[in-house]
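User: Got a model open here and want to go through a few spots. Can we start with helix packing?

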Amino acid sequence: MMPSSAAINGGSSPVKAHGLITALGVGQICSWGSLYYSFPLIAEAMGAELGWSKPDLYGAATLGLVLAALAAYPVGVAVDRGHGRWVMGLSSLLAAVLLLLWSQVTSLVAFYVLVAGIGALQAATLYEPAFAVIARRMGASQSRSGITALTLWGGFASTAFIPLVQWLLNEWGWREALIALAAVNGIICTGAYLIFIQPTRDAQPEGDIDPGHQRQQSKDAVQAALKRPVFWALLLSLTAYAAMFSAFTFHMYPLLLERGLDTASVVQAIALIGPAQVAGRIVVSMFAARASMRMVGTAVVTVFPLAFGALAFLNLDFLTVAAICVTYGAANGIFTIVRGMVVPEMLSRHAYGAINGLLTVPMTFARAAAPLGAAALWGLSSSYASVLAAILAVAFVLATAFWFAAWLSRPTLELAHD
């Protein structure tokens with residue numbers, strides 16, 4: 001039987017965790033902005049100056065995501081054991097060093113080593129470890145408000161950093177831009193994580209809190225999760241989501257151009273996705289604050305195949321594409337919250353970081369492979385029709401697998417394994 005919320009003591013309420021969530025939020029804006037969203041802009045400028053091809057440049061990013069997938073589980077275990085402060089803080093400091101070294105590269109080999117390292121560090125600096133830190137501070141069953149608030153902060157990363165990085169490139173150049181991003185990681189992110197993540201304030205279960213017992217309890221929770229069909233249904237759903245999101249994110253610009261929109265209309269439509277993500281998260285926090293994430297997820301996954309079906313089969317003009325982008329963005333924003341809460345609500349309230357890390361491994365592999373797979377699929381026909389059909393099929397897999405996971409978890413929700 002899962003412990004009730006009364007079985008957790010010593011944890012911070014959402015109000016008392018406000019400082020941590022704010023610091024993590026600022027850190028997430030800067031981590032996402034400097035380590036993830038900045039890459040296409042920096043790569044474009046590098047390629048123009050150094051004469052490197054897009055496959056050369058994006059191959060390094062793909063390698064980094066593969067390494068991030070391999071790092072996801074051990075990072076989750078480390079956060080579960082109370083090392084989140086050092087995992088996130090020192091990883092941000094190391095990212096600053098790698099960004100600084102990147103600013104001096106002249107060889108492709110050095111570029112691959114540095115960018116692959118930065119990609120691997122994303123496993124220790126982005127949402128997943130931050131979610132696990134919040135789950136430890138507030139208690140896994142009480143962490144929903146904190147995770148929701150953190151995703152609201154993170155939703156502004158692209159809005160803040162894409163214009164900032166472009167300005168740095170225009171005013172200074174890509175090497176100087178990387179130096180500035182290194183300073184952001186070394187000062188803001190490192191400081192936020194090292195100062196505000198305080199393991200001594202984490203929630204503690206009543207009774208036996210011996211570290212050895214807790215480690216065994218976490219191992220038992222992971223083994224129990226792996227034996228449950230709901231874990232594998234969620235793994236399939238979340239992996240499909242990562243593939244769908246990554247393929248569309250990297251290819252939506254040329255895809256919409258091929259569908260007949262002009263450049264200005266495409267840019268304006270895509271720009272609506274970020275604000276829609278934040279709006280979707282606000283709507284959930286205001287009107288579905290007490291709704292089960294299982295039920296919220298069941299509803300929101302339905303939107304993805306509908307959105308891509310509309311994109312594939314409707315006659316497109318700007319207003320239609322804008323409506324699709326807003327709908328997709330809102331659904332994506334809400335699903336980020338769902339993704340953060342499926343472990344405590346549908347699997348286990350123990351070993352959040354480890355179980356979430358296991359779910360993240362295939363997600364990160366899919367996120368790395370999907371853009372390359374979509375490009376290869378386009379190459380077979382020189383048309384995005386086949387790519388869009390594949391994305392639509394993956395969206396159906398995402399929805400069907402999540403519906404199945406929700407059905408599996410419903411009758412045993414209160415009897416889920418610890």
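User: What hand is the crossing of α3 and α5?

Analyst: The crossing of α3 and α5 is right-handed. Right-handed means the near helix is turned clockwise from the far one by less than a right angle. Helices here are DSSP runs (H or I, at least four residues), numbered from the N terminus.

User: Which residues of α3 and α5 make the contact?

Analyst: From α3, Pro55, Asp56, Leu57, Gly59, Ala60, Ala61, Leu63, Gly64, Leu67, Ala68 and Ala71. From α5, Leu108, Phe111, Tyr112, Val115, Ala116, Gly119 and Ala120. Contact means heavy atoms within 4.5 Å.

User: And by class, what does the contact of α3 with α5 have?

Analyst: It has 14 nonpolar, three polar and one charged residues. Nonpolar covers Ala, Val, Leu, Ile, Met, Phe, Trp, Tyr, Cys and Pro; charged is Asp, Glu, Lys and Arg; the others, Gly among them, are polar.

User: At what angle do the axes of α3 and α5 cross?

Analyst: Roughly 35°, and the axes come within 7 Å. Axes are lines fitted to C-alpha atoms over the stretch in contact, with angles from 0 to 180 degrees between N-to-C directions. α3 is residues 54–80 and α5 is residues 108–121.

User: Before we move on, what are the ground rules?

Analyst: This is a predicted model: local features need pLDDT of at least 70, side-chain atom pairs count only at pLDDT 80 or more, and totals for chains, interfaces and linings use all residues. Residues are numbered from 1 along each chain as its sequence is written, and side-chain values use heavy atoms, with hydrogens and water left out.

User: OK, new topic. Thr125: buried or exposed?

Analyst: Thr125 is buried, at 0% relative accessible area. Buried means under 20% (1.4 Å probe, protein chains only). Thr125 sits in the loop between α5 and α6 (127–138).

User: What does the side chain of Thr125 reach?

Analyst: The backbone oxygen of Leu121, at 3.0 Å.

User: Which residues does Thr125 touch, leaving out those up to four places away in sequence?

Analyst: Gln28, Ser31, Leu35, Met88, Ser91, Ser92 and Tyr193.

User: Cysteines next. How many disulfides?

Analyst: The count is zero, taking a disulfide as two cysteine sulfur atoms within 2.5 Å.

Key
Helices (H or I, at least four residues) and strands (E, at least two) are DSSP runs, numbered from the N terminus. Buried means under 20% relative accessible area, exposed over 50%, partly exposed in between (1.4 Å probe, protein chains only). A polar contact is a pair of N or O atoms within 3.5 Å; within protein, one must be able to donate a hydrogen and the other to accept it, and residues adjacent in sequence count only if both atoms are side-chain atoms.
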